[in-house]
Amino acid sequence: MKVGIAGFSGSGKSTVFQWLTGVVPDPSRSQQGQMGKPEVPDPRLTFLSGLFKPKKTTAAKMEFLDTPGLNPSERRDNARRLGIMRDADGLLIVLNGYSGGNLADELRKFRDEMLVADMEIVMSRIDKLRDQLKKAKPAKEKERDQLEIDILTRINEGFEEGQPASALGLKEDEEKAVRSFQLLTLKRQLVFVNQGDDQGGKELPKDLLELAPDAVAAPAKLEMELSELSDEDRKAFMSDMGVTGFSRDEVVRQIFAGMGLIVFFTVGEDECRAWPIINGVSAMEAAGAIHTDLSRGFVRGEVVGYDDFVACGSMKEAKTRGLYRLESKTYIVKDADIMHILAST
Ligand SMILES: Nc1nc2c(ncn2[C@@H]2O[C@H](COP(=O)(O)OP(=O)(O)OP(=O)(O)O)[C@@H](O)[C@H]2O)c(=O)[nH]1
Ligand SMILES: [Mg+2]
């Protein structure tokens with residue numbers, strides 16, 4: 001899962017990027033965007049690893065892409081800048097919460113920019129398809145082109161009313177037909193408020209929460225600076241500033257969940273590992289996260305829920321209590337399921 005960090009210039013994207021990934025942004029590369037891949041800290045994996053004592057423990061990872069910010073007044077280059085994150089699977093929209101501006105306004109403006117950039121793509125594609133329809137072509141191809149025009153026209157009508165493409169509730173085949181355009185307004189979004197040093201823990205404004213009920217907030221710059229201090233200095237500063245803890249790990253988990261992801265675990269003496277999957281996929285699709293062969297040759301999954309396993313303390317006890325189940329390929333995997341996949345390869 002690749003998450004594009006998006007927002008207006010100076011909202012603190014690069015600061016948030018560094019805080020989340022530990023990668024120091026290189027200013028000379030800021031125009032093309034840069035990647036960082038932090039692990040998703042998971043106390044459940046730590047617990048499993050403590051129990052199985054494997055040679056290797058592998059956490060789930062996320063990819064973040066720091067992108068150049070948009071300019072609110074000089075808008076000419078904004079569509080190109082937004083284009084850098086077209087291939088991202090989701091967007092983390094960073095709002096400037098440290099200089100006292102209206103956050104709901106900032107979000108509305110940013111969403112408008114995404115809408116305009118998508119609209120350009122959709123309209124030029126409609127024009128192109130209309131031209132093609134005028135040419136001699138096999139009926140089947142014309143039919144397909146017409147279908148694409150119909151979907152794009154619906155999306156565009158939504159844009160004219162200020163609706164993102166995600167609001168249309170496209171069916172799977174419709175979504176597939178427009179997937180290659182990588183519309184920003186079709187991507188999963190999560191809002192992150194980059195709070196000022198003295199704002200950690202403060203409630204977010206109501207009008208912002210109406211637009212983005214799941215918005216996440218933290219004083220990223222302060223936390224990053226504190227983490228760079230020696231233990232002694234850090235303690236002193238934290239008590240001076242009334243900071244009781246760091247929220248970075250929790251925020252990474254919130255972004256992971258906000259992007260619609262869950263994990264399943266595989267356990268054993270060799271490796272304990274968290275595998276990221278999209279919430280709602282079947283055991284067969286989940287097996288593909290490990291290897292496509294496991295998905296193709298899927299026979300069954302042996303599954304125990306994490307809480308059940310913890311309550312039992314061992315696989316043996318889970319089996320005795322009948323909590324270690326056999327599941328077919330259509331089983332919908334739950335967050336933190338411990339799963340062993342049997343496949344014929
Ligand atoms: N006081 C304060 N300054 C911050 C905070 N977050 C970021 N800044 C400062 O704001 C400036 C811009 O931050 P960046 O993280 O570079 O912003 P950006 O969104 O990456 O900006 P562009 O890459 O130009 O779009 C830097 O000088 C930061 O130090 C904050 O929480 N408090
Ligand atoms: Mg930046």
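Q: Why are arginine 248 and aspartate 249 said to form a salt bridge?
A: In this predicted model, the closest N and O atoms of arginine 248 and aspartate 249 are 2.9 Å apart. The cut-off is within 4 Å, so the pair counts as a salt bridge.

Q: What makes aspartate 249 partly exposed?
A: Aspartate 249 has a relative accessible area of 35%. Buried means under 20% and exposed over 50%, so a value of 35% is partly exposed.

Q: How do you know that glutamate 225 and lysine 221 meet in a salt bridge?
A: Their side chains are 3.5 Å apart, N to O. The limit is 4 Å, so the pair qualifies. Both residues lie in helix 8 (residues 220-227), four residues apart, about one turn of the helix.

Q: Why is lysine 221 counted as partly exposed?
A: The relative accessibility of lysine 221 is 45%. Exposed would need over 50% and buried under 20%, so lysine 221 falls in between. Glutamate 225, at 36%, is also partly exposed by these limits.

Q: What makes aspartate 118 and arginine 86 a salt bridge?
A: Their closest N and O atoms are 2.8 Å apart, and the rule asks for within 4 Å. Aspartate 118 lies in helix 4 (residues 103-134) and arginine 86 in the loop between helix 3 (78-83) and strand 5 (90-97), so the pair ties together parts that are 32 residues apart in sequence. Both residues are buried.

Q: How many salt bridges does this rule give?
A: The count comes to 27.

Notes
Residues are numbered from 1 along each chain as its sequence is written. Chains are lettered from A and ligands numbered from 1 in the order in which they are written. This is a predicted model: local features need pLDDT of at least 70, side-chain atom pairs count only at pLDDT 80 or more; totals for chains, interfaces and linings use all residues. Side-chain values use heavy atoms; hydrogens and water are left out. Helices (H or I, at least four residues) and strands (E, at least two) are DSSP runs, numbered from the N terminus. Buried means under 20% relative accessible area, exposed over 50%, partly exposed in between (1.4 Å probe, protein chains only).
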